[in-house]
Amino acid sequence: MVKPRTRVRQLVSAGIGLVAAALVVTTTVTANYGAASGTTGKGTLKLVAAADTVEVASYDGVAYVEPSVWLAAYDAAFEFRASHTAYDKPVKLTKTIIRGKKRTTTTAPASIVDGMKGFKDGLRVTLKNKAGKVILDESRPLCPGGYDRQRVQTDGATGPVYPEFCGGNWFTKGVLYGIERGMAVPTVSDLEFETKGETALTMTMSVSKPVADFLGLPKASRSAKQNLVIVDGCPEGGCEGDGEGEMSTHSAHGVDEDQGARTVVPRESMDGAEDGRGRLPLGGGAGGTSHGKPKKSSLPDLVSVPAWQISTAVDEGGTDRLNFAANEWNAGPAPMIVEGFRRGTSPVMDAYQMFYRDGKQVGMKRTGTMEFHEAPEHNHWHFLDFAKYELVDAKDKVVSTSGKQSWCLVPTDPVDLTVPGATLRPGQTGLESACGSKSALWLRESLPSGWGDTYDQSQTQAFDLSKVKNGTYRIKVTVNPDGNLYETTRSNNVSHRTVIIGGKAGARTVTVPPYQGVDTETWWNER
């Protein structure tokens with residue numbers, strides 16, 4: 001789980017041009033042909049160690065192991081889909097082996113499925129000291145989709161296609177991850193342990209038998225052993241103060257550090273899909289300018305997700321507030337793209353919705369306005385008329401309204417990567433380029449198919465409870481409230497979340513009943 005820093009969001013990928021945002025439409029892998037030395041020719045997953053001995057840095061008695069044991073796919077791509085039909089239903093996980101045009105799909109036994117996170121207790125990590133004493137022995141989920149991909153075949157995939165993470169949040173409906181043909185992913189990316197004064201250890205990583213059997217790992221390739229040499233990562237105090245102000249990998253807008261976005265999200269470092277698929281050339285062909293009614297195949301489907309991470313607080317001005325997180329996502333089939341064009345020298349842009357089909361712009365419509373939000377921790381452009389947040393009573397009467405009136409749209413959360421046209425690796429470079437600097441003439445904001453954008457409402461953006469009596473209410477989240485954005489349907493634009501307000505002035509309370517069996521007021525990984 002990634003814990004976000006205050007109001008900072010580092011988006012899915014660094015190094016890809018903004019024009020690529022939300023336009024990758026890749027749901028399958030095209031396998032290359034030809035065999036490389038040491039491969040099977042049939043399609044096999046293997047556990048592979050990068051070295052016999054690995055140097056591990058320790059900081060104040062805690063060692064951090066960089067990825068050094070990999071799950072490699074030889075002569076085939078391995079694709080995994082996890083989804084459920086309802087939030088309170090079990091997750092179904094399938095494995096598809098892709099050899100050229102042939103696809104073979106099998107369903108994993110429920111006993112080895114760990115929700116959206118991969119395979120339950122699929123990986124065991126054991127550490128022993130020189131005397132053979134076990135100092136660590138733990139099982140963890142096995143995610144066949146790590147962030148730092150390695151190429152293991154000369155004729156393997158030339159670049160990553162699948163997302164570099166497993167998981168989501170409580171309202172994630174489906175995820176898709178995998179290993180491209182001839183590539184490898186790390187078995188773990190966050191292993192840390194107390195050194196207990198040891199300077200040399202033996203580490204063994206092994207895939208559990210039920211998971212290894214399902215994945216088809218050869219018996220000789222189900223475990224890997226390495227020697228760890230522990231070294232001081234901060235000699236002579238050289239690390240004092242390091243890490244201050246570091247940005248999180250991926251988090252909700254406006255999230256306080258103590259709260260957390262409770263979202264499992266990726267850290268990507270590769271710069272594009274296989275053979276560059278999904279990228280658009282900067283300065284490429286002219287965009288479409290058709291002004292007719294857009295076809296459904298070029299439209300998004302904007303969906304409202306019930307609010308979560310709900311709490312009460314007293315803001316800096318002494319006002320009782322109801323904090324909450326809200327997410328609106330795009331169910332496809334096309335990306336939602338809004339571009340702003342500056343109106344002279346004023347801090348205003350005219351906004352246009354751009355329509356794409358098969359990666360090509362096929363039309364546009366004027367859709368509203370963008371304004372420059374000159375405020376601490378913002379200083380970028382916001383699109384108006386995207387969503388509305390209201391606290392309503394049993395008769396749907398508004399008792400309080402969120403102060404959030406504008407948005408910088410970017411993909412923060414995977415909601416369903418199994419929908420048609422889902423973007424597996426959305427490319428963004430951060431808030432500055434996604435939402436524009438003060439001197440920008442143009443910008444593009446987007447929600448790729450399958451992804452949502454989470455905003456955390458606190459302080460003045462949260463609901464004012466000063467005039468709200470104790471009782472039962474609902475948080476009403478409406479996306480595209482004025483219908484200015486074109487989409488396939490508006491039937492799923494509104495969601496409600498029941499809350500029970502209590503307490504007294506200066507100490508208001510809130511109780512949040514589960515939503516369809518989902519308790520969002522605990523950390524997602526602790527479900």
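Author: Let's settle the burial words before anything else: buried is under 20% relative accessible area, exposed is over 50%, and partly exposed is whatever falls in between, using a 1.4 Å probe and protein chains only. Keep in mind that this is a predicted model, so local features need pLDDT of at least 70 and side-chain atom pairs count only at pLDDT 80 or more, while totals for chains, interfaces and linings use all residues. Residues are numbered from 1 along each chain as its sequence is written, and side-chain values use heavy atoms, with hydrogens and water left out.

I'll start with D396. This residue sits in the loop between strand 22 and strand 23 (398-401); strands here are DSSP E runs of at least two residues, helices are H or I runs of at least four, and both are numbered from the N terminus. D396 isn't a glycine, yet its phi is positive, near 70°. With a relative accessibility of 33%, D396 is partly exposed.

What does the D396 side chain meet? Its partner is R474, in a salt bridge of 3.9 Å, N to O; the term means a side-chain nitrogen of Lys or Arg within 4 Å of a carboxyl oxygen of Asp or Glu. Since R474 belongs to strand 29 (residues 471-479) and D396 to the loop between strand 22 and strand 23, the contact ties together parts 78 residues apart in sequence. R474 is partly exposed as well, at 27% relative accessibility.

Across the whole structure a search turns up 19 salt bridges. In one of them, E180 and R149 meet at 2.6 Å, N to O. E180 is in the loop between strand 11 (174-179) and strand 12 (183-186), and R149 is in the loop between strand 9 (134-142) and strand 10 (150-151), so this pair joins parts 31 residues apart in sequence. E180 is buried at 0% relative accessible area, and R149 is buried at 4%. Another bridge links E164 and R425, whose closest N and O atoms are 3.2 Å apart. Here the sequence gap is 261 residues, because E164 lies in the loop between strand 10 and strand 11 and R425 in the loop between strand 25 (413-414) and helix 2 (431-435). Both E164 and R425 are buried.

The whole structure holds 15 aromatic pairs: rings of Phe, Tyr and Trp (its six-membered ring) pair if their centres lie within 6.5 Å, with planes under 30 degrees apart counted as stacked, over 60 as edge-to-face and the rest as tilted. One is F324 with Y389, edge-to-face at 5.6 Å centre to centre and 85° between the planes. Y389 is in strand 22 (residues 387-392) and F324 in strand 17 (residues 320-330), 65 residues apart. F324 is buried at 0% relative accessible area, and Y389 is buried at 1%. Another edge-to-face pair is F341 with Y352, with centres 5.8 Å apart and planes at 80°. F341 is in strand 18 (residues 336-342) and Y352 in strand 19 (residues 348-357), so the pair ties together parts 11 residues apart in sequence. F341 is partly exposed at 34%, and Y352 is partly exposed at 24%.

Y352 has a second contact: the charged end of R366 sits over its ring, 6.0 Å from the centre. That takes NZ of Lys or CZ of Arg within 6 Å of the ring centre and within 35 degrees of the ring normal. K95 does likewise over the ring of F214, at 4.8 Å from the centre.

The loop between strand 17 and strand 18 holds P333, and the peptide bond from G332 to P333 is cis, with omega near 15°.

D60 is in the loop between strand 2 and strand 3, and at 83% relative accessible area D60 is exposed.
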